[in-house]
Amino acid sequence: MQIFFFKGRLVFGPDSGSLVITLLLIVVPIVIFCTVVARNLLHEFPTYNAVYVILVVTILYTIYVLVLLFLTSARDPGFVPRNSNPPEEEICAGSSDTADVTPTSRLTRTKVVFENGVPVEVKYCKTCMIYRPPRCSHCSVCDNCVERFDHHCPWVGQCIGLRNYRYFFLFVSSSALLCIFIFALSALNVKFVMDDRGTLRKAMKESPVSVILMVYSFFFLLLVGGLTCFHLYLISRNQVLFFSETILFLCLMIFVQVKYFSSEDEKHSPLYIPFMVSKEGKANLEGAIEQLQNVEKQMRLAGDVAGTKKAVTEILHLCFEAKDWKSLNDQIFLLSKKRGQLKQAVTAMVQQAMQYIDETPDLDTRIELIKTLNSVSAGKIYVEIERARLIRKLGKIKEEQGLIAEAADLMQEVAVETFGAMAKTEKIAFILEQVRLCLERQDYVRAQILSRKISPRVFDADTSKEKKKPKEGDNVVEEAPADIPSLLELKRIYYELMIRYYSHDNDYLEICRCYKAIYEIPTVKENPAQWIPVLRKICWYLVLSPHDSMQSSLLNSTLEDKNLSEIPKFKLLLKQLVTMEVIQWTSLWNAFLDEFESEKNLLGGSLGDKAAEDLRQRIIEHNILVVSKYYSRITVKRVAELLCLSIQEAEKHLSDMVVSKALVAKIDRPMGIVCFQVAKDSNDILNSWAMNLEKLLDLVEKSCHQIHKETMVHKAALKV
């Protein structure tokens, strides 16, 4: 029984006599330290009176530790008052099974109460005749229920609970610091003696008290220091010592069952009975789920990964078999929010629930299940891949409903490029889906930003090489789902989407490069029915592209392609662009009009609304370049005749090409003459400036020489 003083303001435990031993273990070493070690240190610091400071600090800190010890031992740890009579009976109704009630009072051993809106299971204490509050346990030494019971400490003779835990922790940590302090100063004293005597052995013989204090303080430092670190860990996990011991016991019990029970014996194991009951057919779904929840809690608290995964998946399977989709959503949400829920269990639960999405009876149920799984997986890095797949499914549903903007916004919430465990092909497919939805939405800026997340070099990777085995510590990359296209198929999809993007700005050269990349795909190059339309598009967009070095390079490489002989008309068209001769626009248009119109029915559709106008523009630019090659000076009228244009149109096209730096020319409008010049780069311009400066300096030097010569002649004439 407890010992009370001052009307219950001071409460000591039944074994408070051990408090005297604890006091002696603290006070006696301190007295020896102050009378022996501190006195020896007095001779080492005679000037600064440092020893008196050490004595004062030691005494004050010891008093502080003793005060904490007194507060820990004499304070109510959080005893819960007993009941003089049992509470009102709460007998289980509607059940003939009395195994779960006490034989005397017929009270339920457990009941569920709501703590801050969360259901919590509390147990009945037949000694105190109360339902214990959450995290409350009965101490067998004090024979009382204690709130937030940690343990019963024999050194302080008191339980450690809600009201004295902070003093206990401060006492233990302060004792550890006191041990460090005594150990350090005792070691310092031994060092000073060793400096005087020469060897450590002589110093130990000279000052045995310091050595004894070092050994004593080191031994107790291991005890109180380890206890301090352990309680810091428990505080960080919001646990108590009694709870952690329970976990160790449950882990040991599960280990023994898994290790030593055969498959037949497992059927009779208490941990597996709820599974048997649920499978052998309880008509009441809620009862079966409740039993599995008890097993899940036991496994979760014991840290059994396999058992917890099995329990949560069995709960979801029961809901699915019963086609109770509302209960399925509720169980997914509740199981994921359990305190200390294992990551592996949440992952297994989400993966299994994803298999039920296609089995839902209607669209609303499917959307509700996807949203539940999405909310559960949000912010959890270990189910980020599953969340990305859920977002993609939901995006497809939104798109089928015609909500393109919502689908695009939904898909852009996930940045799969940061997912280390996702397969490369699945990442690319997800990003391409984001780009496609942005193009459908006509959000071309966002489509360009997303497309830059994919490097075209990733499509050139050699997939035939064997994959390297991951090293220890590396992220394990998951296999892509079966519906994800191969890398070559993704390459074609990527460039088709980029063609749609560049078609918005009529960037013909980039469109040509995209078709060129599609043309290089082996599956396309092996099938004439596929590469002929692609090669036609390459030729058309080469002709439509403005003249520059990249266009010229692509033009020459395309002419060297042997497959171009299969479409001789287009080969002739490209040769006309390479040949430096004037092309008659009318004859060219009449020759290729049918081919131009037939592109609407081939791969990629029509060439664009402005394609015919741009084709005429390119032919005119080609003709101007031909004229500039053969003429250095020519009248504007003659240029207009060669281009089959009016004088005003010819001047306009010439000016546009000069502004775009496609050629260098000057127009003398009063004379009506065009002067073509060779384009000069920066080096040529600098060289010409240097030559002009050199000529100027030569002239200056010659002038100075002539002036000097005339001066000398004039002086000679004066002397004569």
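1. Cys-512 is buried, at 1% relative accessibility; buried means under 20% relative accessible area, exposed over 50%, and partly exposed in between, with a 1.4 Å probe and protein chains only. A search of the whole structure finds zero disulfides, a disulfide being a pair of cysteine sulfur atoms within 2.5 Å. Cys-512 is thus in no disulfide, and the nearest cysteine sulfur, that of Cys-539, is 8.3 Å away.

2. This is a predicted model: local features need pLDDT of at least 70, side-chain atom pairs count only at pLDDT 80 or more, and totals for chains, interfaces and linings use all residues. Residues are numbered from 1 along each chain as its sequence is written, and side-chain values use heavy atoms, with hydrogens and water left out.

3. Cys-136 is in no disulfide either: the nearest cysteine sulfur belongs to Cys-145, 4.8 Å away. Cys-136 is buried, with a relative accessible area of 8%.

4. Which order do the strands of the open sheet follow? The three strands run β10-β12-β11, and the pairing is antiparallel. Helices (H or I, at least four residues) and strands (E, at least two) are DSSP runs, numbered from the N terminus. Two strands pair if DSSP finds at least two bridges between them. The edge strands, β10 (633-635) and β11 (664-668), each pair on one side only. On average, neighbouring strands of this sheet are turned by 25 degrees against each other, direction ignored; the axes behind this angle are lines fitted to C-alpha atoms, for helices over the stretch in contact, and angles run from 0 to 180 degrees between N-to-C directions.

5. Five antiparallel bridges link β11 and strand β12 (residues 673-677). Val-664 has Gln-677 as its bridge partner in β12.

6. How many salt bridges does a search of the whole structure find? The search finds 19, where a salt bridge is a side-chain nitrogen of Lys or Arg within 4 Å of a carboxyl oxygen of Asp or Glu. One of them joins the side chains of Lys-326 and Asp-330, at 3.3 Å from N to O. Both residues lie in helix α11 (residues 325-336), four residues apart, about one turn of the helix. Lys-326 is exposed at 60% relative accessibility, whereas Asp-330 is partly exposed at 35%.

7. A salt bridge also forms between Lys-652 and Asp-656, with the closest N and O atoms 3.2 Å apart. These two residues are separated by about one helical turn because they are four residues apart in helix α27 (residues 647-659). Lys-652 is exposed at 52% relative accessibility, and Asp-656 is partly exposed, with a relative accessible area of 36%. Elsewhere, salt bridges that share partners join Glu-399, Glu-433 and Arg-436 into one network.

8. Is Lys-398 buried or exposed? Lys-398 is buried, with a relative accessible area of 14%. Its salt bridge partner is Glu-406, and the closest N and O atoms are 3.6 Å apart. Glu-406 is partly exposed, with a relative accessible area of 42%.

9. Helix α13 (residues 363-377) has 15 residues and reaches 21 Å from its first C-alpha to its last, close to the expected 21 Å. That expected span is 1.5 Å times one less than the number of residues. The buried residues of α13 include Ile-367, Leu-369, Ile-370, Leu-373 and Val-376. The buried residues of this helix pack against α11, α12 (343-355) and α14 (384-400), contact meaning heavy atoms within 4.5 Å.
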